[in-house]
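Here's a quick tour of charged side chains and who they pair up with. Take a look at the model first, then read on.

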Amino acid sequence: MERTISGMVGKGSVNHNTRAFSAKNVDKERSRDNVEFCHSDIKEVYHNLFDEALERYNAKQKRSDRKIDDYYEKIRRGKQEKLFYEVIFQIGNKDDMNVQSSEGQLAKDILCEFMEQFQKRNPNLYVFSSHLHMDEQTPHIHIDFVPFIRNSKRGLDTRVSLKGALSEQGFKGGTRGMTEWNEWIEAEKQELSKVMGRHGIQWKQLGTHNKHLSVLDFEKQERQKEVAELEQTISDSKKELADILHQQIAAGQETEQIRKEGEAIRQEVSELTATNHLLKEQTETLTEDKEKLLSENEKLEKQQKKLQQEINKMVQSKKVMERNIHAYDEDVKWQLAEPGGY
């Protein structure tokens, strides 16, 4: 039995590899069959690999502007090196090594065995994340690593360098078609073919042109379905975004209407407050007038009592006078003598 070997540059999407994000071509029901060999935070990896070298480098700098505060950020923002690299290895294809077939399970065993010695074979490639996927059509393994060299004469004595790391492992390159990367990929394919041989599978080597497929060729041949699904996802997302924008416009109009109603209510409240203030002032004035009237009424009542007392006295005096007058009329001593005769 012969099978092809694919070894190509990966996109380096750790979230995709760990299934923190799943594309539509992923069968989530089979994600439990995936294998996680390792997964570390890349920032912690940078601290472990380069902090001591960074301290030595900064100690030598006489100018503060040449010191490096954060080596991870320097590489992330720079253009010379990438933070990390990813390689993907796959045996066969969806037709001859389908993940749901017995051949697919065999491919899984071979890739796991291949991964066991990967770090030992590549001491200058620090593997911080590695995952074997069994939830797509063909088993394949993602290997993410930070390439580094020691005893560098330039920059940090331990620093990131893909070319330098592969060179220290014996891959010198020299031609456009056979770079250090291509040499290394071929060497790893040879290692994978040895494992395949122990399981009774021969490496079906294609022509030179196919053997060194570019990343774009690989994407066209192996990921067309995923790209189509992602494009559909983007289309759906655009439609969803349009719906959201429409809802935002409607919400904006409703908000404006509410704002106007709120303004009218605030105006009405303001008028009611002014009216209430005026009524309060009138109430205070009426209260003062009431107190004043009560005081004047009390005075009038006192005057009325006094007048009533005087009237009573006058009535009493009148009665006494009437009695006296009656006495004058009847008492003899107050009577005039009858006139005498002439």
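In which loop does Glu136 lie? Glu136 sits in the loop between strand 5 (125-133) and strand 6 (140-149). This is a predicted model, where local features need pLDDT of at least 70 and side-chain atom pairs count only at pLDDT 80 or more, while totals for chains, interfaces and linings use all residues. Residues are numbered from 1 along each chain as its sequence is written, and side-chain values use heavy atoms, leaving out hydrogens and water. Helices (H or I, at least four residues) and strands (E, at least two) are DSSP runs, numbered from the N terminus.

- Glu136 is buried at 3% relative accessibility (buried means under 20% relative accessible area, exposed over 50%, partly exposed in between, with a 1.4 Å probe and protein chains only).
- The Glu136 side chain makes a polar contact with the side chain of His133 at 3.5 Å (a pair of N or O atoms within 3.5 Å; within protein, one must be able to donate a hydrogen and the other to accept it, and residues adjacent in sequence count only if both atoms are side-chain atoms).

**A link between helices**
- The whole structure has 14 salt bridges (a side-chain nitrogen of Lys or Arg within 4 Å of a carboxyl oxygen of Asp or Glu).
- One of them joins Glu113 and Arg198 (2.9 Å, N to O).
- Glu113 is in helix 4 (residues 102-116) and Arg198 in helix 7 (residues 180-198), so this pair ties together parts 85 residues apart in sequence.

**Inside helix 7**
- Lys189 and Glu186 form a salt bridge at 3.7 Å, and both are buried.
- Lys194 and Glu191 also form one, at 3.5 Å, and they lie 3 residues apart, about one turn of the helix.
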